[in-house]
Structure formats: C-alpha cells, structure tokens
Amino acid sequence: MTISPETGLSYLDSLKRDGFVRIPNVLSEKQLEELRAAAKRTVQLARDGKYPHIRTLFKQFPPWGTDPSEGIWGVQHLMRPELPDHALFTKSYFDPNVRAVIKELMSTETEEVTDDDLVMEVYNMLIRPDKDFELRWHRDDVSQNATPEEEMERLNKPAWHAQWNLPLYKDRSLIVVPGSHARPRTDAERNADPFAPELPNMTVVEMNPGDVIFYNNNILHRGVYKSDTERMTLHGSIGHKKGGSARARNVLQHGAATWIQELDLSALPDENEREIARKMRDRLLQMGSEHKDVGYSFKDE
C-alpha cells in the first residue's frame with residue numbers, strides 16, 4: 001500500500017474518496033526530455049497530415065476524421081509501428097512502475113490484481129489545439145441523459161480499468177468535481193449549461209511535468225484547452241480482464257483492435273516484460289473477437 005503525500009491516504013483510498021489521485025515526479029528529467037522530443041515530432045507529423053489518427057476540432061467524441069486542416073487536439077495510437085517514436089511510447093506505456101500503481105488501484109480487499117489480469121487498452125496524446133477548445137461536462141461512460149437511477153446503476157459497478165494523464169508540460173486542462181464519481185448528479189449539475197465555466201465544488205487539477213494523475217473516468221469532468229498554451233499530455237488506460245462489454249465499448253470505439261497485432265515490443269527491457277506485454281495485447285485481441293459492433297459511447301449526443 002502506497003500513501004499519497006497529498007492526502008495522507010493510500011492511492012486507492014484517495015481514488016475512492018475523490019475520484020482522482022496525483023502521483024508526483026514519476027518521470028526523471030531524462031525521461032521527460034526524451035518523451036518531449038518524441039511528442040514534438042509526433043505532433044508535427046499529425047499537424048502536417050502525415051499521420052491520420054488524430055482528434056479533430058471541434059469534435060469531443062469518436063469517431064474523428066483524418067483531415068488536420070481545421071485543427072487537431074489529440075493524436076491517437078502512440079504505439080502504432082508507423083510512428084517513428086513508437087518504441088519510446090511503448091516503453092512508457094508498459095513501464096513496470098506505472099503498472100504497479102495500476103494493479104494497486106484496481107485491487108480490492110478480497111482480490112489482488114496481478115499482471116495476469118491486465119488488458120492493454122489505449123495510449124493517446126492530448127495536445128495544444130490550433131484553436132481554443134472546450135469539452136462539455138460529462139462522464140466517459142454515462143450518458144448526460146441518464147436518470148439518477150441509471151447513473152447509480154453504472155457508478156456502482158466496478159471500473160475494471162485505470163485511466164491516467166501524464167503531462168510533459170504543466171497542465172491545468174482537467175477540471176473535475178471531486179466525489180462525483182460515487183453519486184448521481186445534483187440538480188444544479190444536471191441543469192447546468194454543458195459548458196458552464198463553474199460548478200459547485202469543482203477543482204482544476206494542477207499537473208506538473210512528469211506527474212501522473214489517475215482518475216475515475218466517470219467522475220464529472222471537462223477539459224479546457226488553450227491554443228496559446230503548450231500541451232502534450234500522455235493519456236492512457238489499462239483494463240482488467242473482467243471488464244467485459246463495458247470496457248470493450250470504451251476501448252474499441254477508438255479503433256484499438258485494428259492495428260495491435262502489429263505491436264512492436266522489442267524496446268521493452270527484457271523477455272519477462274515483453275511476455276507480460278504480449279499477454280496484455282492478446283487479452284485485447286480476445287476482447288475484440290468477443291465483442292464486435294460495440295458502437296460508440298456518445299458520438300456527439
């Protein structure tokens with residue numbers, strides 16, 4: 001059990017209470033510099049139209065287009081082999097230190113999560129948009145039209161994944177309502193403008209370069225992205241093999257199953273780490289074979 005220096009609680013208890021937890025200084029200065037250089041090259045390829053797997057303005061949810069001419073706010077599939085820096089991104093995604101925290105966050109009082117439970121999911125990058133762009137208040141896998149009862153039915157189910165943001169530059173883009181992952185929306189939240197600049201008790205999550213923020217994807221949250229502020233934030237998730245159809249929709253809507261057989265694991269430091277990663281990849285392939293035509297969580301409802 002690891003204690004958060006900010007909350008005085010374990011990482012897991014902090015996540016349960018607040019819906020997010022910050023782990024400071026996960027990257028060394030050398031790692032940060034290497035990832036920044038790789039991120040800059042990758043973003044430039046995407047902006048130049050030489051890498052089509054992007055998040056286009058002004059669309060919040062997948063599917064996105066492939067034309068960057070109107071601007072982009074994200075780059076998808078950082079581990080695709082056609083990216084020149086795929087090896088470095090792959091190494092960072094499967095980093096054993098990050099994986100150790102993920103296993104801790106997904107464990108329960110009665111079940112300890114091991115590497116054999118983990119499923120490869122997504123690894124993307126959220127970037128400075130070409131034009132100012134805001135996401136509406138949302139939960140990643142609960143419709144804004146859900147009733148309080150429908151919200152709680154979903155929120156009471158296990159998350160079966162861990163999701164994180166790892167900023168390479170200072171990042172204040174993520175705004176959350178702490179504790180909202182464990183309750184239905186209040187009347188004020190339900191009736192608020194979807195792009196309301198403020199909600200009661202909301203918090204702007206301060207992220208320093210090299211920190212990792214793990215958060216429950218069904219916390220009430222939004223993003224505010226400024227075109228004059230550099231942003232390169234690695235955005236990943238790793239799942240649990242018990243995730244089933246709910247995780248399948250969240251992951252497969254991003255097109256993850258269309259390329260992962262080509263995943264190159266040669267950059268991982270030893271055969272044991274490569275075997276862990278291969279098995280995580282194989283569980284994603286199995287998910288794709290068992291759950292077809294999953295559709296999209298929202299599109300732009």
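This is a predicted model: local features need pLDDT of at least 70, side-chain atom pairs count only at pLDDT 80 or more; totals for chains, interfaces and linings use all residues.
User: Which residues lie closest to the centre of the largest pocket?

Analyst: A pocket is an open set of points on a 1 Å grid over the protein atoms alone, where a 1.4 Å probe fits, with protein on both sides within 12 Å along at least five of seven lines; lining residues have an atom within 4 Å of a point. The largest pocket holds about 640 Å³, a volume being the space filled by probe spheres set on grid points joined across faces, edges and corners. Of its 28 lining residues, the closest to the centre are Leu-105, Pro-158, Ala-159, Trp-160 and Asn-216.

User: Which elements give two or more residues to the lining of the second largest pocket?

Analyst: The second largest pocket has a volume of about 320 Å³. Its lining comprises 20 residues, with Leu-27, Gln-31, Lys-91, Ser-92 and Asp-95 nearest its centre. Helices (H or I, at least four residues) and strands (E, at least two) are DSSP runs numbered from the N terminus. The elements giving two or more residues are helix 2 (29-47), helix 3 (86-93), helix 4 and strand 6.

User: Is Leu-166 buried or exposed, and what is its relative accessible area?

Analyst: Leu-166 is found in strand 6 (residues 161-167). Beyond its neighbours within four places in sequence, Leu-166 contacts (heavy atoms within 4.5 Å) Leu-27, Gly-210, Asp-211, Val-212, Met-232, Thr-233 and Leu-234. Buried means under 20% relative accessible area, exposed over 50% and partly exposed in between (1.4 Å probe, protein chains only). Leu-166 is therefore buried, its relative accessible area being 5%.

User: What is the bridge partner of Phe-133 in strand 10?

Analyst: An open, antiparallel sheet is formed by 4 strands in the order 5-10-7-8, where pairing requires at least two DSSP bridges between two strands. Its edge strands, each pairing on one side only, are strand 5 (133-134) and strand 8 (203-204). Strand 5 pairs with strand 10 (residues 221-225) over 2 bridges in the antiparallel sense. In strand 10, the bridge partner of Phe-133 is Tyr-225.

Conventions: Residues are numbered from 1 along each chain as its sequence is written. Side-chain values use heavy atoms; hydrogens and water are left out.
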